[in-house]
Amino acid sequence: MSSLETNSIGKYSGNNVSIDDPLKLKVLTTTARDALSNPQAGDTIFNETTGTIDFYNGSGWFATSETTYSTTVDFLVVAGGGGARYYHAGGGGAGGVRSSVDNTGGTGSLETALTIVDGTTVSVSVGGGGSNHANGNNSSFSTITSLGGGYGASTSVNAASGGSGGGGNYNRPTAGSGQSNQGHDGGNASTQSNSSRVAGGGGGGAGAAGQASPNMDNGGDGGIGIVCNILSAANATTRSVGQVDGSDVYYGGGGGGSIASNSQGHAGDGGKGGGGFGWRPTNVAEHANYDNGDDNTGGGAGATDGAGTAGGSGVVILKYPSTKTITIGAGLTSTTDTEGSNKITTFTAGTGNVSWA
């Protein structure tokens with residue numbers, strides 16, 4: 001039998017009931033609510049599963065609102081890096097980087113974590129790297145979109161703007177621009193040339209601009225990426241995401257500019273954070289290989305002397321309380337780790353929907 005407990009009952013002159021202290025309803029989970037025997041029309045409870053006030057109308061239970069619970073989600077959203085081509089091209093720009101943890105791209109202000117109402121579906125998309133004369137593809141989480149990196153210039157094509165800009169070429173020396181709060185500009189190229197001695201500028205990185213090629217013998221280095229330890233270095237290594245250096249993880253390095261076969265100096269190095277190295281001839285003491293940008297870093301492609309290179313694919317990493325459960329829809333490749341009191345879900349490919357409960 002139910003009982004009513006009160007400190008005092010007083011006469012009230014109005015037509016309403018006046019209660020000095022907060023009214024405490026019976027608290028039940030959805031399962032316990034549905035297990036009540038013989039509920040009556042007008043029965044009302046607080047549903048601790050959904051955070052709603054529920055009432056029975058004589059035939060079923062109904063909530064007076066949508067769920068009042070939500071999940072705070074920190075994020076790192078890295079777009080695909082820009083591609084690069086031949087004829088002593090500029091390096092590809094890194095994919096744009098937006099983050100609510102540690103650092104964000106373009107030396108901008110750190111972003112604010114998103115609050116997602118439980119049960120609400122939001123989208124995740126991981127952008128692929130661009131190839132040849134192609135920008136990288138955008139990556140996104142809910143309302144956050146990072147732009148693909150700009151491709152590097154070649155003899156016949158200007159450098160492109162993007163999350164970070166592509167580097168210039170001796171024939172088209174002006175570099176591409178980076179997006180504010182995502183990345184930096186590429187490096188311009190020297191216009192000097194003499195008997196196949198030319199060089200390209202470095203692609204922009206999330207943490208710094210690409211280096212200009214100072215002369216016809218030396219290519220520009222790709223801009224450095226940013227440190228973001230939303231996923232620990234140990235788990236980043238296991239997942240093959242980011243570029244791990246000690247306890248730090250870098251994302252969004254620009255690609256290095258290449259040099260020509262008779263150049264006497266050095267091709268550009270890739271920026272830390274997955275940027276590819278520029279091409280250099282075999283008579284140079286350094287390695288002669290050029291590189292694609294590293295996958296799941298958003299690194300820009302190193303410029304080539306051949307058919308072209310691709311930027312690295314992007315990555316989306318989400319951090320939320322370990323008390324919450326994520327539901328991941330079809331089309332996404334992901335892994336979830338537990339680090340302390342948080343879960344970290346890393347998306348390495350695909351497009352799809354997620355929600356929390």
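Is T104 buried or exposed? T104 is buried, with a relative accessible area of 5%, where buried means under 20% relative accessible area, exposed over 50%, and partly exposed in between, with a 1.4 Å probe and protein chains only.

Before I continue, a word on the basis of these remarks. This is a predicted model, in which local features need pLDDT of at least 70, side-chain atom pairs count only at pLDDT 80 or more, and totals for chains, interfaces and linings use all residues. Residues are numbered from 1 along each chain as its sequence is written, and side-chain values use heavy atoms, with hydrogens and water left out.

Let me return to T104. T104 lies in the loop between β6 and β7; helices (H or I, at least four residues) and strands (E, at least two) are DSSP runs, numbered from the N terminus. The side chain of T104 reaches the backbone nitrogen of S99 at 3.0 Å and the backbone oxygen of V97 at 3.4 Å. A polar contact here is a pair of N or O atoms within 3.5 Å; within protein, one must be able to donate a hydrogen and the other to accept it, and residues adjacent in sequence count only if both atoms are side-chain atoms. Leaving aside neighbours within four places in sequence, T104 is in contact (heavy atoms within 4.5 Å) with residues including R98, L110, N181 and I226. I226 is 122 residues from T104 along the chain, yet their C-alpha atoms are separated by 7.1 Å.

In the loop between β6 (97-99) and β7 we also find D102. D102 has a positive phi of about 65° although it is not a glycine, and D102 is partly exposed, with a relative accessible area of 42%. N38, in the loop between α1 (30-34) and β2 (44-47), likewise has a positive phi, near 55°, in a residue other than glycine. N38 counts as exposed, at 63% relative accessibility.

Where is H184 placed? H184 is in the loop between β10 (144-146) and β11 (226-227). H184 is buried, with a relative accessible area of 16%, and its side chain reaches the backbone oxygen of G207 at 3.5 Å. Beyond the neighbours within four places in sequence, the contacts of H184 include G106, T107, S164, G178 and A208.

Now to the strands and the core. Why is β8 described as largely enclosed by the rest of the structure? The description applies because 4 of the 5 residues of β8 are buried. β8 is joined to β17 by 5 bridges, and the two run antiparallel; two strands pair if DSSP finds at least two bridges between them. V124 has G352 as its bridge partner in β17. A further 2 bridges join β8 to strand β9 (residues 139-141), again antiparallel, and S125 stands opposite S140 in β9.

The largest nonpolar core has 18 residues, of which V124, F141, V316, L318, F347, V354 and W356 touch the most other members. Such a core is a set of buried Ala, Val, Leu, Ile, Met, Phe, Trp, Tyr and Cys residues joined through side-chain atoms within 4.5 Å. β5 (70-78), β7 (114-117), β8 (122-126), β14 and β17 each supply at least two residues of this core. A second, separate core of 17 residues includes I226, I230, V315 and I317.

Aromatic rings come next. Rings of Phe, Tyr and Trp (its six-membered ring) pair if their centres lie within 6.5 Å; planes under 30 degrees apart count as stacked, over 60 as edge-to-face and the rest as tilted. By this rule the count is 5 aromatic pairs. One of them, Y320 and W356, is edge-to-face, at 5.6 Å centre to centre with 70° between the planes. This pair links distant parts of the chain, with Y320 in strand β14 (residues 315-321) and W356 in strand β17 (residues 342-356), 36 residues apart. Both Y320 and W356 are buried, and ring pairs link F75, F141, Y320 and W356 into a cluster.

Finally, the open sheet. Its 3 strands follow the order β11-β13-β12, with antiparallel pairing. β11 and β12 (243-245) stand at the edges, each with a single partner strand, so one side of each is left without a neighbour in the sheet. β12 is joined by 3 bridges to strand β13 (residues 248-251), in which V249 stands opposite V244.
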